[in-house]
Structures are given as C-alpha cells and as structure tokens.
Amino acid sequence: MSPGGRTIPAAAPRLEDLLPERIARLARLEVRAKHIVEGVLSGLHRSPYFGQSIEFRQHREYVPGDEARNIDWKVWSKTDKYYVKLFDEDTNLRTTIVVDRSASMAYGSGAMTKADYARTVAASLAYLLIKQHDIVGLVTCDSEIRDRVPHRSGQRHLLSLIGPLEAPELDDDGLGATTALGDTLATVAEEQTRAGIVVVVSDLFTDTETLFRGLRFLRSRGHDVVVFQVLDDSELDFDFVGTTRFEGLEADGELTCDPPALRASYLAALERFMESVRRFCGANAIDLQTIRTSEHLDAAILAFMKLRSGPRR
Amino acid sequence: MSLLEPFFANPLLAAAGAACAAAPVLIHLLNRLRFRRVKFAAMAFLLESDERNRRRLLLEQILLLAARVLLVLLIAALLGRLLVDPATLAIVGQESPTHHVYLIDDSASMRASSDDAGTVFGLAEAVVRRDLELIGKRAAADTVTVLTASAATDGDAILSDRRVEPAAMAELESAFATLEAGYGSPPLPAAVAAAAARLTQGDGRGRRLVVVTDFRAVDWGDRGGPLSAVTEAEAEGVSAEIVAVGSAPGPNLAVTAVRGDFGSLAADVPVRIAVAVTNRSAVAADDVTVSVFKDADRLPVMGTVERIGPGETAEAFLDMAFPAGDASTLRFEIEADEFRPDDTFRVGISVPETRSVLIVDGSPETDAAVLLGDALAPVPGIAGLTPDVITPTALGEIDLSAYAVVYLHDVAEMTPDAAERLAEYVGKGGGVAAIVGPSVSGRADAGRAIEYADLMAAVPDGRKVERPKRPGDESPDVVFAGVGRFAPFAGRLAEYLRPIRVMAVAGSSVRSIDEGDREDDGVADAAVVASCPRPDGSSDPLLVIADAGDGRVATLLTPLDDRWADWSKHFIFVPLIHELTRHLAGAGRPPGVVGDGLTVELSGADDFEVTAEAPDGTVVVPDRSADGLSASIPTETPGRYVLKASSDAGIDRVVDLVVNTPRREGQTELAAVDGVRDLLGEDSSVSIRVGSRDEAMLGPDGGDVTTLLATLAVALSVVELWTAAKLSRHGDRGPGLVGRRFGRRR
C-alpha cells in the first residue's frame with residue numbers, strides 16, 4: 001500500500017493514470033517516476049523509438065575496467081589493438097537535471113503546483129535515464145544552488161537523485177526565494193567540463209538577460225540543452241473573475257484589479273516574454289517545451305525521448 | 001423637498017430616486033473592498049499590463065459608474081415625473097423680487113372644449129394657479145397681478161400686485177370658481193398693453209408679463225395685434241412670455257351668416273332665408289341640419305346641407321312666414337361641436353301687419369304715383385306693403401323711420417331739412433329709390449341742384465337722352481345684368497322685359513367711388529343693374545343701386561311716364577318693383593356682436609326712466625352718461641337686449657339689439673409656434689410656452705419628455721451594458737496562451 005492508501009496496479013498504468021490529478025495522489029516521488037516511465041514505455045512497444053539505443057554507434061580504445069565481452073575481436077585481429085564496441089545504450093549519456101525551486105514555482109491552481117509538477121518530471125527523467133544506464137546528475141536552485149547530486153548511474157543513484165527533489169515544500173506564504181536560474185546555469189556550465197545534456201525544468205520567471213547568458217554559456221561548453229518551461233493554466237489563460245488582489249510570490253509587489261479588464265494586456269505581455277524565449281532557444285539550438293501543469297505527465301518524457309532521438313546539433 | 005417640488009410632479013419619488021443615485025458608487029466601493037487574494041507568480045506581466053492600461057481602465061470605470069448613476073437618476077426623473085417646464089425655469093430664473101402680471105385671454109374662443117379642464121379657459125386657469133403656487137414658494141418677495149383681457153383695459157383685476165399668500169390664493173380660487181371665458185372678442189393688443197402698463201418701471205423689481213391664451217392664428221399669426229403689444233412690452237424691458245393653452249381644433253362647423261329680407265318682413269308674407277354654414281375643420285361634414293328657434297320655441301322647419309368640404313361654406317335655405325308680432329329673436333342652430341358659441345346665429349325680427357312704403361310724388365300731373373302704389377300693393381295685404389303718397393313739400397314733416405322704403409318720383413327739389421332727414425334715414429338703414437323724370441333731367445344744373453344728389457347712385461346730368469327706334473328693330477330696350485337678387489331678370493324673366501319700350505332716359509354719371517370717398521359721403525360701389533342698349537353697342541344706365549351708410553339707394557333713370565317709357569304698363573314691372581323694394585328695405589337692422597353695447601338716446605329736457613332687459617330675461621340697470629343724454633348697457637352674452645326709456649311727458653323709446661358671438665372667434669386654428677418665433681425675430685427674448693403643466697412632462701417647446709427620458713434611459717442602459725461587458729471581457733479571445741500546442745489531451 002502506498003502512503004496515500006492507494007494500491008499500485010501491478011499491470012502497466014493506463015494513459016489516464018498519468019493525469020496530474022492521479023499522479024498527485026502518489027506521495028513518493030520514486031513511485032511517481034516509476035509509474036510514469038513504465039506507462040510511457042508500455043506505450044512505446046509500438047513506438048519507433050524503442051531499440052534504437054542498442055544499435056552500434058562507434059569504437060573506442062579499450063581501457064582497464066571495460067568488460068572483456070565488449071572487445072571487438074575482429075578489429076584486434078586486423079589491427080592488433082583492443083577496441084571495445086559502443087552501442088547507443090552504452091554511450092554513458094551524461095545528463096544534468098536542473099530544477100527551479102524558487103518561490104514562483106510554488107504557484108498552482110490545479111492538482112499540482114508548478115514545483116510539484118517540475119520535480120515529478122525531473123524524477124521521471126532521472127528514472128528513465130538511470131533505467132537506460134545513463135549518468136545523471138541533479139542541481140536544484142532558487143536564488144542560489146540548493147542541492148547538487150553528482151553524476152552517477154545505477155539504481156541506487158536514483159534514490160540519491162530523488163532525495164533532494166522530495167525536500168519539503170516551500171512555506172505556505174510562498175514568499176521569499178527569488179529565481180537566479182541564469183547564474184545557476186552558468187555555474188553548471190563552469191562545473192560540467194564534459195559535454196552532456198542539461199535539462200532545465202523551470203517557469204523561467206527570472207531575469208531573461210541572466211537566463212539567456214546562462215543558457216548561452218551552457219551551449220558554448222558543448223552541452224545539449226533541453227528546457228521544460230512549466231506554467232500553470234491560470235498563468236496561461238488568466239481566467240480570474242471578480243475583484244482580486246494579486247500578491248507576488250517572489251515579493252515583487254501586489255495589485256488589486258478586475259482581472260478580465262487586464263486579461264488581454266497580461267496575455268500580450270506574457271506572449272512577448274515567451275516569444276523572446278522561443279526566439280532565443282531557436283537561435284541557440286536549445287530544445288524548448290512549454291508544459292501546462294494540467295498536461296499528462298508523460299508529455300515531458302515523450303518530448304524528451306523525441307528530442308533525443310533527433311539528430312544531434 | 002421644496003427644492004424639488006417645482007421640478008417634479010412626485011418630488012418624494014424623485015428624492016428617493018436621487019438618493020439611490022449613490023448606490024452605484026457605494027456598490028463600486030464595496031466591490032473594491034471585497035476581493036479575494038491570490039498569490040501569483042507572473043506578477044511582472046500583470047504589473048506591466050496594469051501600468052499600460054491604467055488610464056484607459058480608469059476612464060472606462062468612470063464611464064461605467066457615470067452611466068449607472070445617470071441611469072438611476074433618469075429612472076428617478078421618470079418616476080418623479082420631471083417637469084422640464086419653461087414656466088418653472090422662467091420663474092426660478094427671475095431676478096428677485098419680481099412683479100408677475102398674468103393676463104388671461106377670456107375671448108369666446110377660450111370656451112372651446114378641452115379634455116383636461118372642460119374648456120381651454122380652464123386650462124388657462126390651471127396654468128395661472130400652478131404658476132402662482134410656484135411663485136409662492138420662492139423666497140423672494142414676489143407679487144402677482146392676475147387679470148382678464150376683457151377687464152384689463154377697464155383697470156379691473158382679480159389680483160392686483162399681491163403677495164402670493166393664502167388669502168390671495170383664496171381670492172383667486174373664489175374668482176376662478178365663477179369666472180369663465182366671455183362670448184366676445186376683447187381687444188387683446190390693448191389688454192396686453194394695459195397689463196404691461198401695470199409693471200411699474202424703476203421700482204427695482206423684476207417685471208414679468210405672462211399672456212395665457214389659446215394662441216389662435218387669427219390673433220397671433222401676424223406681427224400686428226397682441227404680438228406687437230408683447231414686443232413693445234419687451235422693448236420696455238419686460239420679461240414677456242406667451243403661454244399657449246389651446247389645443248388643435250377638432251370638428252368645427254359654424255353658422256356664419258343668415259340672409260333674408262327681414263327689412264321687408266310682414267305678417268304671413270313668405271320669406272326665403274339662407275343660412276350659411278362654414279366648415280372650419282379639416283374633414284368634410286355631411287348632412288348638416290339647421291334648426292330654427294323663435295325666441296324659446298323651436299319652429300317646425302329645418303334646413304339641410306348635404307356636404308360641406310373643409311374650409312368651404314354652404315347655404316341651407318328655409319322658406320318661412322311669420323305671424324304679426326312684437327320684436328323677437330330667430331335662432332339658427334346646428335348640432336353642437338367642440339366650439340359651441342359659433343353653432344348658433346341670432347337674428348332679430350319684427351313682423352308688422354304691413355310695411356309702409358312712402359311715395360314722394362314730384363309729378364302729380366301724372367298717374368305715376370298711382371301706378372307705383374298699385375304695383376307695390378296690387379291686392380291689399382298680399383304683399384305686406386302699404387304705400388303712402390305725399391308731395392315733396394310734405395317730406396320734411398314725416399317721420400321717415402316708419403317707412404321701409406322711400407320712393408322719390410321725379411322729385412327735383414326738396415327742402416334742405418328734408419334732404420338732411422332723408423340722408424339720416426338712409427344712414428340708419430333706410431332705402432331710397434330715386435326715379436328720375438322730366439323735372440330733373442330738364443335742369444342744366446341738375447347734378448348740383450338736387451338736394452339729395454349725394455344719395456343718388458347715378459347722378460343726373462340734366463340731359464334727356466332720346467332713344468329712337470328703327471322700324472323692325474326687335475332688340476330689347478331693357479337688359480338686366482346678372483347682379484345678385486336681380487339675376488332672374490337677366491335670365492328666365494328676360495323675355496318678359498322684351499316688350500318694354502324705353503323712349504328716353506336721363507343722362508347721368510354713375511358713381512364710382514373709392515374707399516376713401518366712401519367715408520365722406522357714405523355711398524359706395526354703385527352697380528348698374530339694368531341698362532338700355534344702343535345699336536352701336538353702348539348702353540344707357542337704367543337702374544343703378546348702391547349702399548349708403550347702413551341703407552341702400554337706387555336710381556331709376558326713366559320715370560313712370562308714357563313719354564319716356566311704358567314699363568309700368570307691363571306686368572313684369574310688379575315683380576321688378578317688389579324686388580327693388582325688398583332690396584332697398586334690406587335685412588333690417590343687422591345683428592351685432594357681443595361687446596357692441598346698446599345705447600338709447602335721451603333728451604335732456606325730459607326725465608327718463610330707463611330699464612334694460614338681458615337675453616336671459618333679467619332686468620339690468622343701464623349706465624347713464626354723465627350728461628344724461630344717453631343710457632347704455634353692455635352686451636356680454638349672445639341674445640337680444642332691450643332698452644326702454646319712458647319719460648313723464650309720455651315719451652317712450654325702445655331700442656333692441658340682437659348680438660352674436662363674433663364670427664372670428666370660431667376661427668380656432670392655432671398659430672404655429674415656430675412661425676410666431678420667426679415673426680418675433682432671433683433677437684427677441686419673448687418665450688412661448690406650449691401647453692399647461694397639467695399635462696405630463698413637458699419639454700422646452702412643450703413636447704412630452706417622457707419619451708425622451710425613457711429613450712435616454714435605454715441608451716444609457718446600452719452604454720452601461722456595453723461598458724460593463726467590455727470591462728469584464730477584455731481579452732476574451734480564446735483559451736489564452738499555449739492552448740493546445742503541446743499535446744493537451746484532456
């Protein structure tokens with residue numbers, strides 16, 4: 001039995017089981033991740049993505065520690081040198097997941113807050129990557145980096161990745177930590193000298209100039225960057241009615257207004273922001289996906305797999 | 001509350017509504033205080049949006065709030081029955097203190113029916129009553145004068161320069177309880193001038209003149225008349241206002257004239273009476289019947305007119321005969337309509353056994369007088385005429401008033417006194433026929449020597465014009481023109497004239513007198529009724545008639561002398577002379593109109609006792625002139641008035657007069673307000689108020705503002721709904737951003 005009293009089905013979950021409302025009932029992040037990824041993978045039996053990762057990709061020179069069964073003896077017989085065969089599943093994909101845990105992520109009008117959705121997505125990606133024997137690291141941040149989990153692989157590492165993600169939620173008032181995502185990404189770029197994939201899960205409500213600098217920095221270090229912009233339905237639709245006092249979650253002011261009167265202008269401003277992000281990502285070969293917190297939670301996983309199956313840039 | 005009373009019929013409702021005008025503001029403020037809190041992440045975009053739209057949103061909010069407040073106020077105005085009344089505005093806008101003079105038009109036309117207050121005069125009273133109530137509420141020491149048009153020139157007033165206090169209002173109500181419009185046409189211009197004269201200049205008070213009238217076109221349709229007096233008052237610095245209380249006239253038929261030979265009326269002699277009925281409405285009238293009353297008795301005759309078109313006049317003919325009797329009144333009536341005073345026309349008649357006709361025989365050597373007398377009374381009593389024959393010398397001794405007509409046959413000379421009496425007789429309505437013969441035409445100075453020449457329609461010039469006839473010439477010697485009642489002699493009776501032979505006529509000059517000369521000698525518009533044609537196409541006048549004073553004169557230019565003409569020998573002479581007699585006798589004394597007054601002349605030597613009788617039979621006390629030489633009574637209602645004077649010396653004098661409502665009072669068509677404003681000119685500050693405050697809500701030009709207010713309310717509702725919808729639906733353009741772009745599968 002789960003802590004919520006729900007019995008996890010033995011069979012692979014159905015699509016509707018991946019709705020945020022249902023996933024939110026699963027208390028443990030690890031269970032959520034497994035539930036989501038298994039659901040996704042069960043749907044991929046008919047998918048063209050399945051099996052691609054075990055195809056031969058390249059040779060590399062043998063180093064002590066490599067398994068002897070991977071040595072390509074045909075190459076040895078011709079060159080008298082030891083080379084091991086590398087397959088896609090064995091390329092030791094190095095992925096860094098950066099999760100925004102600033103105060104703005106605490107907002108949510110539905111079953112899950114943006115923060116809840118983001119950490120679930122992050123955990124699911126970690127589960128998927130660990131399952132594929134990739135190396136996964138994790139960084140959480142708000143106004144500064146809060147947690148660093150070094151890159152490793154293996155099932156045991158999954159728990160060390162999920163641990164920081166399961167840290168307690170922010171206070172109810174949600175006020176406090178601002179977002180310094182750009183600086184965090186710059187730090188990650190500096191620290192990760194070896195090129196890999198950097199997955200950013202955030203609402204991107206931060207200073208765009210700093211954000212773009214951090215992303216550009218990552219790209220300059222050869223990292224593939226995937227950005228999941230997580231936004232709430234109410235932020236995207238702004239369907240509030242009646243006189244409302246809006247209070248900023250990051251202590252950035254308050255406003256009492258009649259929301260319908262401001263809706264068009266607000267949506268226009270948000271659209272301008274998102275367009276600037278889209279332009280930047282397009283120009284810098286950064287994969288950007290905007291996700292509603294009401295979306296099925298497999299969406300991000302599928303998007304990631306689709307992105308990774310495409311040609312490398 | 002008193003502040004609102006002048007402007008609202010229901011001030012309580014208006015006050016309550018005005019108080020409710022604060023409700024939208026309160027609701028708005030309460031809504032601003034009651035809000036829900038939302039902790040929001042995308043504040044930067046929200047604040048940016050607010051910054052960009054703050055001014056527009058503020059304006060829209062103000063517009064919405066204003067629309068709601070105005071809407072409530074409009075509803076309050078509708079419920080409270082807003083009175084956008086120029087009178088109210090005029091009174092409120094007056095300087096303080098002010099003397100208000102209200103002149104009420106009490107002419108007969110004000111008796112027209114009104115649905116609201118019985119008569120138009122009732123509406124006028126209501127206007128004055130309400131205005132005075134309004135003035136009474138002013139804090140200023142205003143005074144009012146209220147007077148009627150008929151009494152204004154006499155200096156009489158219902159209220160004279162009085163403060164509007166309960167006692168004054170009680171007096172006003174007491175007067176209004178018995179007051180009604182008259183039957184006459186009081187002189188409005190003089191009344192307006194008299195009313196304006198009451199507004200003393202230089203006493204430091206504001207001066208306001210209000211004329212309450214039915215605003216008929218016949219009074220106000222031109223620059224003259226009362227409009228001129230109002231303009232003059234305005235020029236004197238008086239704030240002038242015309243209140244038009246008349247309503248558009250409905251069906252209105254009027255008996256406008258009665259024609260008949262009442263002057264030659266005699267016992268049992270048939271008379272044809274023509275009753276003219278005018279249709280003053282915009283639709284045709286069918287089967288109009290005319291009833292006849294003699295004093296209080298309805299006579300068993302009735303005239304009918306099948307159809308009278310709008311604006312047309314038609315006549316109903318009644319053939320009647322009356323028994324001998326004292327003076328009485330004939331009343332011709334049509335069915336009552338909205339304006340009753342002109343539905344009746346009265347004529348006074350006197351029916352003697354016979355009418356005397358005086359023949360002054362200037363040629364006693366002939367049998368002309370006998371011939372004329374036989375023609376007038378061929379059978380005793382049958383024509384109702386009794387001829388008396390006298391010589392010219394006796395003319396000065398006879399009371400001519402006893403005669404219906406005087407025939408002067410070949411009279412060349414008479415005493416100046418006789419000529420003067422003859423002129424006086426004609427001036428008072430008598431008829432004189434001068435038959436010119438040898439004694440006149442033989443005089444070289446005929447025109448100047450004949451003492452009564454001024455009374456002749458054609459003045460002899462002394463010539464005898466011979467009319468030789470060639471053998472075989474069968475052309476008629478006497479030809480009548482188709483003039484008035486003599487028209488039959490030009491038509492179906494012409495063949496009976498053909499045998500008449502006229503050998504000679506007196507040369508004459510027919511009077512052709514213009515209007516200016518008419519005032520000098522009282523003779524006007526001579527008409528040649530019959531003439532003697534000549535072979536060359538010219539003709540000699542034979543019978544010429546003319547009006548003179550109140551009477552009529554005729555000149556026959558050939559005598560009853562075989563040497564001149566043989567017409568007295570032909571039977572056609574009898575009807576011709578009777579027609580001439582009836583024409584000269586006229587219609588008797590014409591009826592007067594209300595307001596004419598009736599006067600009896602007295603002699604200073606005798607002590608007369610004078611009594612008077614009004615139409616309703618009541619005895620009234622006449623006014624004696626200061627010198628005692630006359631007594632008179634006013635004639636204020638239609639009917640017959642009688643003045644009797646008797647002296648100790650046994651002299652009795654009786655005069656009577658039948659009066660009708662002036663026919664012009666039946667012209668109830670209203671003047672066009674815009675037209676009168678044009679007449680006043682752009683610079684004029686004279687205001688015209690249409691309608692009374694008893695009617696519903698009135699606009700500045702008298703229109704009902706209920707519809708206007710309701711329309712405004714609807715328009716404001718639309719504005720309010722549109723603004724509210726705009727404010728609540730800003731950006732309602734779909735599902736917002738990132739709608740289904742990312743595999744949303746819900």
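## Two crossing helices in chain B

In this predicted model, the axes of helix α11 (residues 368-376) of chain B and helix α18 (residues 573-585) of chain B come within 8 Å and cross at roughly 80 degrees. Axes here are lines fitted to C-alpha atoms, for helices over the stretch in contact, and angles run from 0 to 180 degrees between N-to-C directions. Helices (H or I, at least four residues) and strands (E, at least two) are DSSP runs, numbered from the N terminus. α11(B) and α18(B) are therefore roughly perpendicular to each other, given that angles under 35 degrees count as roughly parallel, over 145 as roughly antiparallel, 65 to 115 as roughly perpendicular and the rest as oblique.

From α11(B), the residues B:Leu372, B:Ala375 and B:Leu376 make the contact, and they meet B:Phe573, B:Val574, B:Ile577 and B:Thr581 of α18(B); two residues are in contact if their C-beta atoms, placed from the backbone, lie within 7 Å. By class, the contact of α11(B) with α18(B) has six nonpolar residues, one polar residue and no charged residues. For these classes, Ala, Val, Leu, Ile, Met, Phe, Trp, Tyr, Cys and Pro count as nonpolar, Asp, Glu, Lys and Arg as charged, and the others, Gly among them, as polar.

## Numbering and confidence

Residues are numbered from 1 along each chain as its sequence is written, while chains are lettered from A and ligands numbered from 1 in the order in which they are written. Because the model is predicted, local features need pLDDT of at least 70 and side-chain atom pairs count only at pLDDT 80 or more, whereas totals for chains, interfaces and linings use all residues.

The pLDDT, which is the predictor's confidence in each residue, from 0 to 100, averages 79 over chain A, where 77% of the residues score at least 70. Over residues 1-12 of chain A pLDDT stays under 50, and the model has 15 contacts beyond four places in sequence for them; pLDDT also stays under 50 over residues 171-175 of chain A, with seven such contacts. Where pLDDT is low, the predicted coordinates should not be read in detail.

## The six-stranded sheet of chain A

In chain A, six strands form an open sheet in the order β5-β4-β3-β6-β7-β10, with mixed pairing; two strands pair if DSSP finds at least two bridges between them. β5 (145-152) and β10 of chain A stand at the edges with a single partner strand each, so one side of each is left without a neighbour in the sheet. Direction ignored, neighbouring strands of this sheet are turned by 15 degrees against each other on average. Within the sheet, strand β3 (residues 94-100) of chain A and strand β4 (residues 135-141) of chain A pair in the parallel sense over seven bridges, and A:Arg94 has A:Ile135 in β4(A) as its bridge partner.

Helix α6(A) lies across β3, β4, β5 and β6 (197-202) of chain A and runs at about 160 degrees to β3(A). Helix α6 (residues 181-191) of chain A also packs with helix α7 (residues 208-220) of chain A, at an angle of about 15 degrees and with their axes 7 Å apart. α6(A) and α7(A) are therefore roughly parallel to each other. By class, the contact of α6(A) with α7(A) has nine nonpolar, four polar and two charged residues.

## Where chain A meets chain B

Between the two chains, 46 residues of chain A are in contact with 37 residues of chain B. On the side of chain A that touches chain B, α8 (233-237), β8 (244-248), β9 (254-257), α9 (259-283) and β10 (287-292) of chain A each supply at least two residues, and the largest share, 13 residues, comes from α9(A). By class, this side of chain A has 22 nonpolar, 13 polar and eleven charged residues.

Strands also link the chains: five bridges join β8(A) to strand β1 (residues 36-40) of chain B, and these strands run parallel. In β1(B), B:Phe40 is the bridge partner of A:Gly248.

## The six-stranded sheet of chain B

Chain B has an open sheet of six strands in the order β6-β5-β2-β7-β8-β34, with mixed pairing. Its edge strands are β6 (159-163) and β34 (687-690) of chain B, each pairing on one side only. The twist averages 20 degrees from one strand to the next.
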